[in-house]
Amino acid sequence: MKILAPLAMAIAITSLSAPAMAQFQKPEDAVKYRKAAFTVMASHFGRVGAMASGRVPFDPKVAADSAALVETMSKLPWEAFGPGTDKGDTRALPAIWTEQAKWKEGVDKFQAEATKLSAAAKTGNLDAVKTAFGAVGQSCKACHDAYRKE
Ligand code: HEC
């Protein structure tokens with residue numbers, strides 16, 4: 001039993017100090033996770049977009065719910081861009097890992113715009129939703145142009 005105590009301690013310490021990457025067993029799992037997060041985010045962003053462009057009648061409740069989900073999802077993909085996740089079934093460009101400061105700037109800008117969209121949708125004002133939707137869309141595009149393969 002005396003031998004086991006230090007081992008248990010070591011395990012406890014390891015799990016406390018585990019980096020974000022340890023959330024994923026394998027790099028492939030991280031790639032799958034971030035793609036799934038983008039897919040869900042894009043679906044809800046699209047619902048807001050349909051209303052912003054007038055293709056679908058404006059329903060303030062649906063817009064607010066979807067915008068809130070976009071805001072939540074906007075926090076998720078980034079921890080899944082850890083070391084070793086630049087390979088495999090991914091369209092992520094190597095520049096993500098060589099331009100970490102610029103990448104992080106793009107992430108922060110996008111998250112700030114997603115937060116504004118959610119706030120705008122809560123007001124129920126369609127014009128505010130349109131403006132905020134456009135700004136979010138631009139930050140999606142800016143990042144894809146720089147960091148995602150065609
Ligand atoms: C800071 C950068 C960045 C921002 C901001 C961003 N994306 Fe992406 N997106 C990526 C990268 C990189 C990939 C490629 C991920 C991969 O293949 O591993 C991606 C992939 C995707 C995919 C494809 C997922 C799949 O299944 O392959 C969709 C859809 C998507 N993004 C939609 C969006 C939408 C919509 C927004 C804005 C609301 C957005 N993204 C904002 C970087 C970004």
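Student: Which residues of α3 are buried?

Tutor: In this predicted model, the buried residues of α3 are A63, A64, S66, A67, V70, E71 and M73.

Student: How should I read a list like that along a helix?

Tutor: An α-helix has 3.6 residues a turn, so residues three or four places apart point the same way. Look at the list with that in mind, then ask what lies over those residues. For α3, the cover includes α2 (27–52) and α5 (100–123).

Student: Which residue caps the N-terminal end of α3?

Tutor: Look for a side-chain oxygen by a backbone nitrogen at that end. Here D59 is the cap, with a side-chain oxygen 3.1 Å from the backbone nitrogen of K61.

Student: Now a loop residue. Where is T90, and is T90 buried or exposed?

Tutor: T90 sits in the loop between α3 (60–73) and α4 (95–98). The cut-off for buried is under 20% relative accessible area. T90 has 12%, so T90 counts as buried.

Student: What does the side chain of T90 make a polar contact with?

Tutor: Check the side-chain partners, then the backbone. The side chain of T90 makes a polar contact with the side chain of R34 at 3.0 Å. The T90 side chain also reaches the backbone nitrogen of A92, at 2.9 Å. With neighbours within four places in sequence set aside, T90 is in contact with V31, R34, T85 and K149.

Student: How many helices and strands does the chain have?

Tutor: The chain has 6 helices and 0 strands, and along the sequence the pattern reads α-α-α-α-α-α.

Student: What share of the chain is buried, and how far apart in sequence are the residues in contact?

Tutor: Of the 150 residues, 31% are buried. Among contacts between residues at least 6 apart in sequence, 74% join residues at least 24 apart. As for surface, the chain exposes about 9,400 Å², with carbon and sulfur atoms supplying 64% of it.

Notes. Residues are numbered from 1 along each chain as its sequence is written. This is a predicted model: local features need pLDDT of at least 70, side-chain atom pairs count only at pLDDT 80 or more; totals for chains, interfaces and linings use all residues. Side-chain values use heavy atoms; hydrogens and water are left out. Helices (H or I, at least four residues) and strands (E, at least two) are DSSP runs, numbered from the N terminus. Buried means under 20% relative accessible area, exposed over 50%, partly exposed in between (1.4 Å probe, protein chains only). A polar contact is a pair of N or O atoms within 3.5 Å; within protein, one must be able to donate a hydrogen and the other to accept it, and residues adjacent in sequence count only if both atoms are side-chain atoms. Contact means heavy atoms within 4.5 Å. Accessible areas come from the Shrake-Rupley method with a 1.4 Å probe; for residues, only the protein chains shown count as cover.
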